[in-house]
Amino acid sequence: MTNVYTALSVKSVCRTLSLCLILVIFPLSALAHRAFLLTWIENGHVKVQGKYGNQAVIKNAKVTVFDPEQNLMLSGTTNEIGIFAFPILQQKELIVVLSTPAGHKAETRMLAEDYPQHSAPQDRSPSPKSPQAPLSTQHSNESWNQEQLQLLISQSLEAELSVLSHQVKKLENKIEEPSLQDIFGGIGYLLGLMGVGAYFHYRQKLKEISPS
Amino acid sequence: MHIAEGIVSVPILISGVALATVGTAIGLKKLDYNNVAQVGILAAAFFVAGLVHIPIGPSNAHFVLNGIVGILLGWVAFPALLVGILLQAIFFQFGGLTTLGINTVNLAIPALLVHYLYIFSPTSFFKSKALIPFFCGFLAIGLSALGVSLSLALTADHFVEIAFLIFVSHLPMMCIEGFVTASCIAFLLKIEPSLLPKRKSLPIFKTNPFGINLYKKKI
């Protein structure tokens with residue numbers, strides 16, 4: 001009677017396993033390959049930055065901005081440091097989509113609470129250089145009214161908080177990067193599938209050789 | 001290398017699913033369950049290799065290892081890569097579930113082609129045994145990049161620009177993967193040659209039409 005169980009060469013399995021274990025240990029310094037999108041408000045503009053999982057910026061990627069009803073608001077491309085900026089729109093809730101020629105895509109949603117309180121769209125002249133420009137030109141000898149004071153404070157805070165919100169977005173994205181548990185979980189699933197397939201195959205063979 | 005969801009058009013997705021289904025069915029039929037451990041380990045190696053990024057040049061490319069998988073498995077590369085890509089999509093969000101078929105096709109067909117290239121390559125024409133595996137690894141990534149650009153171009157219109165951009169961005173990775181494939185195959189040739197497929201000679205070379213015997217054994 002021929003034996004349906006051809007013995008696997010234990011040596012060959014061990015050798016292949018040791019070779020592949022090198023590749024398993026390798027990803028301790030591994031970096032993900034997925035596109036992320038960071039958005040923050042700075043100087044009356046919405047800034048969008050595309051990054052890969054290893055923090056490399058995505059240059060010349062197409063950015064499209066939609067409203068919640070999927071109507072196209074505007075589009076553009078990221079610059080050399082992966083940033084695309086547009087002025088704050090009347091529509092605060094936006095869906096920002098980034099797509100690269102190589103087939104990567106990232107999407108994020110902006111909500112009304114992501115905007116600073118005094119960043120009214122199109123209401124203020126963009127003054128990226130200094131928040132004190134209105135001060136020196138118009139109000140040097142006059143008393144402040146409350147609204148102008150609030151605008152000045154919000155501009156200063158925005159400059160400081162833009163860095164903070166950028167860091168928070170990076171942290172949010174970091175949580176989504178693959179962890180070691182994901183890696184070993186995936187390998188476990190693969191080996192489990194392999195075992196299940198082999199089990200059902202050899203169960204069939206067993207039934208054929210021993211019907212009792 | 002993995003196409004994300006919502007990029008390619010529906011006909012491309014459906015074609016990918018159809019081709020991947022056919023390839024996987026053939027692969028499962030040809031699967032020898034005595035070697036299922038090898039298939040599982042190679043699929044695990046592919047799964048993990050997608051996380052290893054090489055920051056060389058303008059690209060942000062990562063290891064694929066479909067050259068090694070293709071040389072060792074042949075048609076069985078289809079189910080192995082399908083499972084690897086599925087788990088990468090679930091655990092790491094590389095690609096997507098709707099693009100599973102097209103991603104499998106873009107990786108598995110080049111793997112299959114380099115398998116036959118390895119089998120039918122002349123055995124003693126080149127002094128170095130690592131040259132053909134290097135070329136196989138190099139070509140596997142190049143053909144996969146071509147497949148990705150073709151999939152994107154059939155959705156958009158500017159094929160040549162996309163193809164050139166993707167090809168150039170993957171050129172460093174093609175070279176690196178060629179070296180990795182060559183070193184792995186050379187290692188296996190030394191310690192366990194039975195893992196590698198048996199090489200065959202093409203019928204045209206048996207008749208020796210040009211007076212060059214490419215399959216003569218070295219003394």
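Is B:I14 buried or exposed? This is a predicted model, and in it B:I14 has a relative accessible area of 55%, which is over the 50% cut-off, so the residue counts as exposed. B:I14 belongs to helix 1 of chain B, the element that covers residues 10-30. Although B:I14 and B:G101 are 87 residues apart along the chain, their C-alpha atoms are separated by 7.8 Å in the model.

Chain B comprises 219 residues, of which 55% count as buried. If one considers the contacts in chain B between residues at least 6 apart in sequence, 77% of them join residues that are at least 24 apart.

The side chain of B:S151 reaches the backbone oxygen of B:G147 at a distance of 2.7 Å. Once the neighbours within four places in sequence are set aside, B:S151 is in contact with B:I3, B:V8, B:I12, B:I102 and B:N106.

Helix 3 of chain B, residues 66-73, is mostly covered, with 8 of its 8 residues buried. These buried residues are B:N66, B:G67, B:I68, B:V69, B:G70, B:I71, B:L72 and B:L73. Just after helix 3 of chain B comes B:G74, which takes a positive phi of about 70°.

What does helix 3 of chain B meet in helix 2 of chain B? On the side of helix 2, the residues involved are B:Q38, B:V39, B:L42 and B:F46, and they meet B:I68, B:V69, B:L72 and B:L73 of helix 3 in chain B. Helix 2 of chain B runs over residues 36-49, and it packs against helix 3 of chain B at an angle of about 170°, with the two axes 10 Å apart. Because an angle over 145 degrees counts as roughly antiparallel, helix 2 and helix 3 of chain B are described as roughly antiparallel to each other.

In chain A, 3 strands form an open sheet in the order 1-2-5, and the pairing is antiparallel. Its edge strands are strand 1 (35-42) and strand 5 (83-87) of chain A, each of which pairs on one side only. Neighbouring strands of this sheet are turned against each other by 20° on average, with direction ignored. Strand 1 and strand 2 (residues 45-52) of chain A pair in the antiparallel sense over 8 bridges, and A:G50 in strand 2 of chain A is the bridge partner of A:L37.

The mean pLDDT of chain A is 72, and 65% of its residues reach 70 or more. Over residues 1-8 of chain A the pLDDT is below 50, and this stretch has 8 contacts in the model beyond near neighbours in sequence. The pLDDT is also below 50 over residues 120-137 of chain A, a stretch with 23 contacts beyond near neighbours in sequence.

Methods. Residues numbered from 1 in each chain as written. Chains lettered and ligands numbered in written order. Predicted model: local features only at pLDDT ≥ 70, side-chain atom pairs only at ≥ 80, totals over all residues. Heavy atoms only, no water. pLDDT = per-residue confidence, 0-100. Contact = heavy atoms within 4.5 Å. Pairing = 2+ DSSP bridges. Helix = DSSP H or I, 4+ residues; strand = E, 2+ residues; numbered from the N terminus. Axes fitted to C-alpha atoms, helices over the stretch in contact; angles between N-to-C directions. Polar contact = N/O pair within 3.5 Å; in protein donor to acceptor, adjacent residues only side chain to side chain. Buried < 20%, exposed > 50% of the residue type's maximum accessible area, 1.4 Å probe, protein only. Parallel < 35°, antiparallel > 145°, perpendicular 65-115°, else oblique.
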